[in-house]
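Please open the structure in your viewer and keep the selection panel at hand.

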Amino acid sequence: METKIDEVKPQVKYTAKDFIPDVEVRWCPGCGDYSILAQTQRVSPDFGELKENIVWVSGIGCSSRFPYYMATYGFHGIHGRAAAIATGIKLANPKLQVWIATGDGDMLSIGGNHFIHACRKNVNLKIVLFNNKIYGLTKGQYSPTSEKGKVTKSSPYGTVEFPFNAIKLADAAGATFIARTTDRETKHMQEILLRAAKHNGLAFIEIYQNCVIFNDGAFSNLTDKETKADNILLLEHNKPLVFGANRDKGIKLDGLNPVVINLNDGIHSINDCWVHDEFDDNPTRGFILSRFTDIPGMPTPIGVFRQFNKPTFDGDYVNQIEEVKAKKGKGTYEKLMFSGNLWEVN
Amino acid sequence: MAKITRIIEDVTVRFAGDSGDGMQLTGSQFTDTTAIVGNDLSTLPDFPAEIRAPAGSLFGVSGFQLHFSSKDIQTPGDTPDVLVAMNPAALKVNLKDLKPNATIIINSSAFDAKNLKLANYETNPLEDGTLAGYNVIAVPLTQLTMAALEDINLSTKEKERCKNFFALGLMYWMFNRPLDVTIKWIETKFKSRPELVEANKRALQAGYNYGDTTEIFTTRYEVKAAELPKGIYRNISGNEATALGFITASLRSGLKLFLGSYPITPASEILQELSKYKEYDVITFQAEDEISGISAAIGAAFAGALAITTTSGPGFSLKTEALGLAVMTELPLVVVDVQRSGPSTGMPTKTEQADLLQAMFGRHGEAPVVILAAQSPADCFYMAIEASKIAIEYMTPVILLTDGYLAFGSEPLRIPQFDELPEINVKFRTEPEGFYPYLRDENLVRPWAIPGTPGLEHRIGGLEKSNIYGSVSYDPENHEEMVKIRKQKVDNVQKIIPDLQVEGEQEGELLVLGWGSTYGAIKEAIYNVRQKGFTVSQAHLRYINPFPRNLGDVLNRFKKVLIPELNLGHLAFLIKGKYLKDVIQLNKVQGRPFKVSEIENKIMEVLGGKNGN
Ligand code: SF4
């Protein structure tokens, strides 16, 4: 891994409990959000940050209640604006580790503009998108990630619009850590959260999250015992793309087209499989991977699609300030006001 | 030949030409030089919304007006004494504004058939008697400039562009001004292109010499230095003063200044200006949109910065929801609205005061904020500091209203010493013992507990919170209590704002009450009326929410109250609603400031010529 995990700052030893505030959590029983909260609290002690330096920011939606349930600093914003609020926090105090809890409506619909621009600038923020493909808090309208044709309260005859592919969008916009996990893959989620924490730059994690009330089973093919193995593709660095209950299916790149191959058909072997490279500088393969969910018959990848280093917005901003200070010297009131064309009246 | 120099008290000059003629530059150079020689002054740029409107067209005319004087003045002047018209369109657009007998310096080189047609002149006004009654001085500026630059290695187009410096040189001669300020500016500006330095300097000098040597100019004028209070001065525009005021507030409070902003006319200069001052730890975040600008500022306020956002009408509307969040989270935030003509895109480069009621009421729910309004370009400096102080000390959003007239207009600022300025007390909470996010002090102000402080981890946001404890609360009584607390907290700001001062008699027949940028015009109008022997008083509001404590009392001391404002009656509405006081309105919504004479005439009408002697 490229990020330097051993660069952990000296810190107090925390346990998960230190991140659990004394409030009642109010999501619907069985909501996938509970798992995300639990995994986050479990790995927060390993984020390498003092608790007082962690800030959770959110917008509006079920997921956006998240900051209230973390015993760190938290800011529950307004609909869609979490990325903008978080950018302000990070710029004002770059020492803080700033996380965003958001949903598909919050971040990809009303907050779409802030999302792409935070990605473009590579602000050092960690965005955790709870994607349940539905509007939960407003009780069941389709969202920008609902699949075309989806019947919901506001689309009784099915939607006639195409969904966003969040991974594709984040990558195209400029995020430098792009990953997916699901609310059921607890260990996997912990690992992804931890890696996002250590990433220097905009980390984007899409978590498929089951909304038991309005979109129950949206991800059942990825979570049910019988179907899971054939539908989930675990991305691991330097490992061939292999999946299936018997690990007998692989992904091969046929030109720019991914195809599923049968590893037991006597024709193909593990050597034909695409070997995943998380740190690939070239975005092409990451893009092809992100499209798997748009191609019928392909498994859904989870894991880190891509991670690479690029200067961060906040880092460069601080550097620029320091450079100017070094050149001009620290500003004073006298230099500020008594400059330009002055004249004296006696 | 002998030339006469006449000493005069007060002159208004307007430069007018194509948007591409460099009139704003010419005007501001003349202003800088005028400032240096110690006149009091006030400026009013007037330019089209189009960046480079088609050459010669009427709608492409750009103007810059400067009023300078050896006495104390308040406005850029109603009617110019001197017009410099670079082409027929500039003449046509500005002629009606001039004083009778005004001097018009005309670039006769530009009065060809094509330009005359573009300006809708059927015959040449230089020849057809249109200008009878004016003192017309036709000078082939373009031609003379070309001749002066003949041996310089520049394209014809580049040489022609220097003609504004020729005109400027001529005006410097006419008003007895030194050339050195402009020469220095030229040398710095075109440092990398020596041939442009040479060309512009030569054009400037040639213009000056032309006045000195030719016979068409017989008289030059001198305006002596004004008697201003002692001190060191600089000329400053409203936008510049606003920017410097915030940096000063940052120095005064010891807080990092954070601006979240999206470019918009006429507020962009504040963003541009602040972006220069990195060595002051100023962070300027040019956001992806207006909403992001204010949201980022709210985030920065949460993180402990002096957070501001700057905008104009359309952007102010977009920021509305986020402003409610700042009210709810009780964070310090300053929103500067440089008002312009609306609604919608309206007339972006023109001034208006029609956002007051939006500032007051334009949010959902009970969402009171503090509202301040600057009264002159230099006052923007002080009001930016005042807005920052109130925001920080009362943990509340503050709206600072300026407008296009103040933003682009300029006047001398006597630069105060640092310790003459108000103190700004920042109290970050650090003590975990007994901490709750919505604890209240005697002014109902909650603690500012910023991320990074151990033991104070807490969550705030847009949902209603229980008082003191700050947990999410849907309790009906608590909500009502919080609504009242937020209102009372804003009202408590009254404790630190100065009483409203009445200039003139403290009671009587008529009070003229204004707010914001109309100060200068009202003041001059009242001066004129009083010169005629009438009695009328002035009071001007810089604090609009809350109003100064004594406002009701002041209103009751006068039989009549006249409120001039550049809208259809916003302040009048507030005064009538709050004090049940009937008022007389004078309203103007033409995208232009009041002329002194308009206010003067209204005062005379109200007084009915009655109380004079
Ligand atoms: S509505 Fe859906 S997403 Fe919201 S809390 Fe309930 S289950 Fe979770």
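## Between two domains of one chain

Across the interface of domain 1 of chain B and domain 2 of chain B, in what is a predicted model, the rule finds 1 salt bridge.

Select B:Asp46 and B:Lys350 next, whose side chains meet in a salt bridge at 2.6 Å, N to O. Then select α1 (23-36) and β3 (40-46) of chain B, each of which supplies at least two residues of the side of domain 1 of chain B that touches domain 2 of chain B. The largest share of that side, 7 residues, comes from β3(B), and by class the side has 8 nonpolar, 6 polar and 3 charged residues.

Now show both domains together: 17 residues of domain 1 of chain B are in contact with 10 residues of domain 2 of chain B, and the two domains bury about 950 Å² between them, with 57% of it on carbon and sulfur atoms. On the domain 1 side, pick out B:Leu41, B:Thr43 and B:Phe47, which lose the most area to domain 2 of chain B and together make up 40% of what that side buries.

## Between the two chains

Move on to chain A and chain B, where 57 residues of chain A are in contact with 72 residues of chain B. The area buried between these chains is about 5300 Å², and carbon and sulfur atoms give 64% of it. Select A:Tyr73, A:Tyr333 and A:Trp343, which supply 17% of the area that chain A buries against chain B, more than any other three residues.

The count between chain A and chain B is 4 salt bridges; to view a salt bridge, select B:Asp281 and A:Lys330, whose side chains meet at 3.7 Å, N to O. Across this interface the rule also finds 25 residue pairs in polar contact, both residues being at pLDDT 80 or more. Among the elements of chain A that each supply at least two residues of the side touching chain B are β2 (73-76), α10 (313-328) and β12 (342-345).

For the last stop, select β2(A) together with strand β17 (residues 459-461) of chain B: 3 bridges join these strands, which run parallel. Within this pairing, the bridge partner of A:Phe75 in β17(B) is B:Ile460.

Conventions. Residues numbered from 1 in each chain as written. Chains lettered and ligands numbered in written order. Predicted model: local features only at pLDDT ≥ 70, side-chain atom pairs only at ≥ 80, totals over all residues. Heavy atoms only, no water. Contact = heavy atoms within 4.5 Å. Buried area = accessible area lost by both parts, 1.4 Å probe. Polar contact = N/O pair within 3.5 Å; in protein donor to acceptor, adjacent residues only side chain to side chain. Helix = DSSP H or I, 4+ residues; strand = E, 2+ residues; numbered from the N terminus. Pairing = 2+ DSSP bridges. Nonpolar A, V, L, I, M, F, W, Y, C, P; charged D, E, K, R; others polar.
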